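Reader: Hey, I've just opened this one and could use a quick tour. Can we start with a helix?

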Amino acid sequence: MTTVTDIQKTFLGAPQFAVVGASKDKSKYGTRVLKWYQDRSFKVTPVHPKEKELEGLETISSIAELPSPSETSISIITPPKITLGILEKAKELSVPALWLQPGAEDEAVIEYIKANLSDRVIYGGPCILVEGDDIARSNSLL
C-alpha cells in the first residue's frame with residue numbers, strides 16, 4: 001500500500017512542477033505555493049485559464065498543455081468543483097503525483113481520489129508551505 005510519505009517523495013522527486021490556482025494576488029495561497037517552488041529553484045509552470053504570466057513565468061491555460069505531464073507533479077489550490085476536473089485530466093495524462101492544498105477537496109473529490117488516484121494524491125491537510133522543506137531535505141532534494 002502506498003503511504004502519504006511515499007507519495008510526497010514521488011511528488012517532490014519529479015523533474016517538473018505545475019501550480020494550478022496561482023493568481024496575480026500575491027497574498028493568495030496559490031501564488032505563495034508558486035513562489036515556494038521558485039524560491040527553491042524548482043522548474044515550475046503556473047496554470048491559469050486567463051493570465052499569460054504569473055510571477056515572471058509564462059502560464060499555460062490547462063494541465064493538458066504540459067509538455068511532459070507524466071514527469072510533472074501538480075500542486076492544486078482551487079475550489080473543489082474545479083479540483084475534480086483537474087484530477088480527472090491528471091489521471092488521463094498519467095500525472096505521477098498531485099498535492100491538494102487544504103480546502104481544495106470536498107467529499108466528491110475525496111471519493112474520486114479513493115476510487116481512481118489513491119496512490120498518487122496528497123490531500124486532507126498537509127500543506128507544502130509548511131511541510132515541503134522538511135520532506136525535501138529528508139529525501140535529499142534540497
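Reader: How many residues does helix H3 have, and how far does H3 reach from its first C-alpha to its last?

Author: In this predicted model, H3 covers residues 80-93, which is 14 residues, and reaches 20 Å, close to the 20 Å expected at 1.5 Å a residue. That expected span is 1.5 Å times one less than the number of residues. Helices here are DSSP runs of H or I with at least four residues, strands are E runs of at least two, and both are numbered from the N terminus.

Reader: Ok, and which residues of H3 are buried?

Author: Pro80, Thr83, Ile86, Leu87, Ala90 and Leu93. Seen down the axis of H3, these buried residues fall within an arc of 130°, so they line one face of the helix. The arc is taken from the directions from the helix axis to the C-beta atoms. Buried means under 20% relative accessible area, exposed over 50%, and partly exposed in between, with a 1.4 Å probe and protein chains only.

Reader: What does the face turned away from the buried side carry?

Author: That face of H3 has the exposed residues Lys81 and Glu92.

Reader: And what covers the buried residues?

Author: The cover includes strands E1 (16-20), E5 (72-76), E6 (98-100) and E7 (121-122), plus helix H4 (107-117). Contact there means heavy atoms within 4.5 Å.

Reader: Switching topic: how many aromatic pairs does the structure hold?

Author: Seven. Rings of Phe, Tyr and Trp (its six-membered ring) pair if their centres lie within 6.5 Å; planes under 30 degrees apart are stacked, over 60 edge-to-face, and the rest tilted.

Reader: Why is the pair of Phe11 and Phe17 tilted?

Author: Their ring centres are 5.8 Å apart and their planes stand at 50°, so the pair is tilted. Phe11 counts as buried at 0% relative accessibility, and Phe17 does at 1%.

Reader: What about Trp36 and Tyr37?

Author: Those rings have centres 5.2 Å apart and planes at 85°, so they are edge-to-face. Both residues are among the buried ones of helix H2 (residues 29-39).

Reader: Which residues do ring pairs link into a cluster?

Author: Phe11, Phe17, Trp36, Tyr37, Phe42 and Trp99.

Note on methods: Residues are numbered from 1 along each chain as its sequence is written. This is a predicted model: local features need pLDDT of at least 70, side-chain atom pairs count only at pLDDT 80 or more; totals for chains, interfaces and linings use all residues. Side-chain values use heavy atoms; hydrogens and water are left out.
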